[in-house]
Amino acid sequence: MMCPKESRRCLRNFLLCCLLPFLHILLLPVNGWSQEKPFLPDPVMQELKKAKVPVEAVGMYVQPLSQSGKPRISGIRLNEGTPYVPASTMKVLTTYSALEILGPDYHWKTAVYSKGVQDGEVLDGDLIFRGSGDPKFNLEKFWLLLRQIRSKGIREIRGDLILDRSAFEPRHFDPAAFDNDPFRPYNAGPDALLLNHKVLEVMFRPNGLDGTVEVQLSPELEGVTITPPALKDVGECNGWQKEISLAFSEKDALFEGQYPLSCGEQTWLVYPYSMNDSAFFRAVFTRLWKELGGTFAGEVREGAVPQDAMLLAEWSSPPLSEVIRDVNKYSNNVMARHVLMAVGTKSSSEPASPEQGAFAVRSFLAAKGISLNGLQIENGSGLSRIERISPQTMGDILVAAYQSAVMPELLASLPIAGRDGTLWRSMRQTSVAGKAHLKTGAIQDVRAIAGYVLAVSGERYAVVLMVNHPNAASAIKARDALLVWIHDNG
């Protein structure tokens, strides 16, 4: 701008128009560009302080999902690029990817073959089961499959029981590796012929008259001798499981220790890890086959289906859309492992493995433009100290899922605050009850949520909160405060 030296007005205009903006920049703090303090709702900050959880241990992502209009909350980000241990919120990644890659109508097949000659009601040969990793192959489904075999006229099996698990890559699984508590059902390992999640419901019934304890197993195990605990007629019932030691083998189920009379009838869910998978399958099969009027006295062994075997019966699992409801509503770890491994078989003819599943998921997310920065997938269930994901990546997954054709299936699979699944007891008396679909995550030093909140305005928000800290368990009130705040103010 050119101005005569004698024109003071021109000089003033020059200063206002050209130099003042630069003077304003020079007056900014040195870090004024990148160190803007993240906004956190006051109720959340207060609860984090009470829990003694620093904001550095917290990752957060809140994003409105409307395609138009002006949401009341534009978005919240806190440490969103930092990878956190997600616990069971990792199941959101696994189940959404599976819905997209495999399709909601994907099914697992369990087939039964015969190798030999059927003479009337006698199968003079082997009975062969081939699994594909059906994660929901429970006792009822197994019984119905055996009914199909009986409908073929077979009553007596004079050969062996052959189990074909070749759909899964063989490898050693250590159920004690995560928390050194291998009898816990959540530590069950993957199995191409997984039966009833390989979980026993153990029922204890004390008899004060004769001083004994009756123990019943469901499913019942043929050929397995049960040794009950001794009855203790004094003492309280608190922590009674700690007074009983467990031991399982092909022939025995031992419950050594003392059971308090004051406990009355109790049920204990147990993963009999020390009883190998084939022995467990045989014991359940033999019992159910006997109840159906059949006889079997052969051995059980691993093997592949011979080429000349004849197909006798086949069982199809419920669709994936139904399976993931169990995975997410009740946070079933072994089912999540199976879902991840199934994802890996979509583009590979090799036996399923977690690594193949993880590769398929990463490839899918990358194709969607979702950042993989810091993402670590071990088994897809979140029962891991290795798995990592950032709030940004989890949030972007939630946004992509909401905009996808499989949104209804994923949303319906998530627990509803104060209503069902792992959240049925939480936030019942708050405004967000019934208004949020959220996957929870909880392991030692970790608390997390990932899902959707419907606000009073009708706007829906994608919400991620991850806390990795020794005081994480005390951050539950901060979680609830965040969800209520989003619902009430969004």
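**Figure 1. R77 sits over the ring of Y61 in this predicted model.** R77 lies over the face of Y61, 4.0 Å from the ring centre. A charge counts as over a ring if NZ of Lys or CZ of Arg is within 6 Å of the ring centre and within 35 degrees of the ring normal. Because this is a predicted model, local features need pLDDT of at least 70 and side-chain atom pairs count only at pLDDT 80 or more, while totals for chains, interfaces and linings use all residues. Residues are numbered from 1 along each chain as its sequence is written, and side-chain values use heavy atoms, with hydrogens and water left out.

**Figure 2. F129 and F281 form an edge-to-face aromatic pair.** The structure holds 20 aromatic pairs. In the pair of F129 and F281, the rings are 5.2 Å apart centre to centre, with 70 degrees between the planes. Rings of Phe, Tyr and Trp (its six-membered ring) pair if their centres lie within 6.5 Å; planes under 30 degrees apart count as stacked, over 60 as edge-to-face and the rest as tilted. The pair links distant parts of the chain, 152 residues apart: F129 belongs to strand 4 (residues 122-130) and F281 to helix 5. Helices (H or I, at least four residues) and strands (E, at least two) are DSSP runs, numbered from the N terminus. Both F129 and F281 are buried. Buried means under 20% relative accessible area, exposed over 50%, and partly exposed in between (1.4 Å probe, protein chains only).

**Figure 3. F137 and F142 make another edge-to-face pair.** Their ring centres are 5.6 Å apart and their planes stand at 70 degrees, so the pair is edge-to-face. F137 is buried, at 2% relative accessible area. F142 is buried too, at 0%.

**Figure 4. Ring pairs build an aromatic cluster.** The linked residues are F183, F204, W240, F248, F255, Y259, W268 and Y273.

**Figure 5. One cavity of 30 Å³ or more is present.** The largest cavity holds about 30 Å³ of space. Its lining consists of R165, D191, L193, L194, L195, K198, D277, F280 and F281. By class, that lining has five nonpolar, no polar and four charged residues. Ala, Val, Leu, Ile, Met, Phe, Trp, Tyr, Cys and Pro count as nonpolar, Asp, Glu, Lys and Arg as charged, and the others, Gly among them, as polar. On a 1 Å grid over the protein atoms alone, a cavity is a set of points where a 1.4 Å probe fits but cannot get out; a pocket is an open set with protein on both sides within 12 Å along at least five of seven lines; lining residues have an atom within 4 Å of a point. Grid points are joined across faces, edges and corners, and a volume is the space filled by probe spheres set on the points.

**Figure 6. The largest pocket has a volume of about 920 Å³.** Of its 38 lining residues, R171, H172, F173, G189 and P190 are the closest to the centre. Helix 5 (277-291), helix 7 (333-344) and helix 8 (354-367) each supply at least two lining residues. Helix 8 gives the most, with three. The lining has 18 nonpolar, eight polar and twelve charged residues.

**Figure 7. S218 and P219 are joined by a cis peptide bond.** Omega is about 0 degrees. P219 is found in the loop between strand 8 (212-218) and strand 9 (225-227). Most residues other than glycine have a negative phi, and most peptide bonds are trans.

**Figure 8. S331 and M427 have positive phi values.** Phi of S331 is near 55 degrees. S331 lies in the loop between helix 6 (320-329) and helix 7, and counts as buried at 16% relative accessibility. Phi of M427 is near 60 degrees. M427 sits in the loop between helix 10 (407-413) and strand 17 (436-443). At 6% relative accessibility, M427 also counts as buried.

**Figure 9. V305 and P319 are 25 Å apart in space, C-alpha to C-alpha.** In sequence, V305 and P319 are 14 residues apart. V305 is placed in the loop between strand 15 (300-302) and strand 16 (310-316). V305 is buried, with a relative accessible area of 17%.
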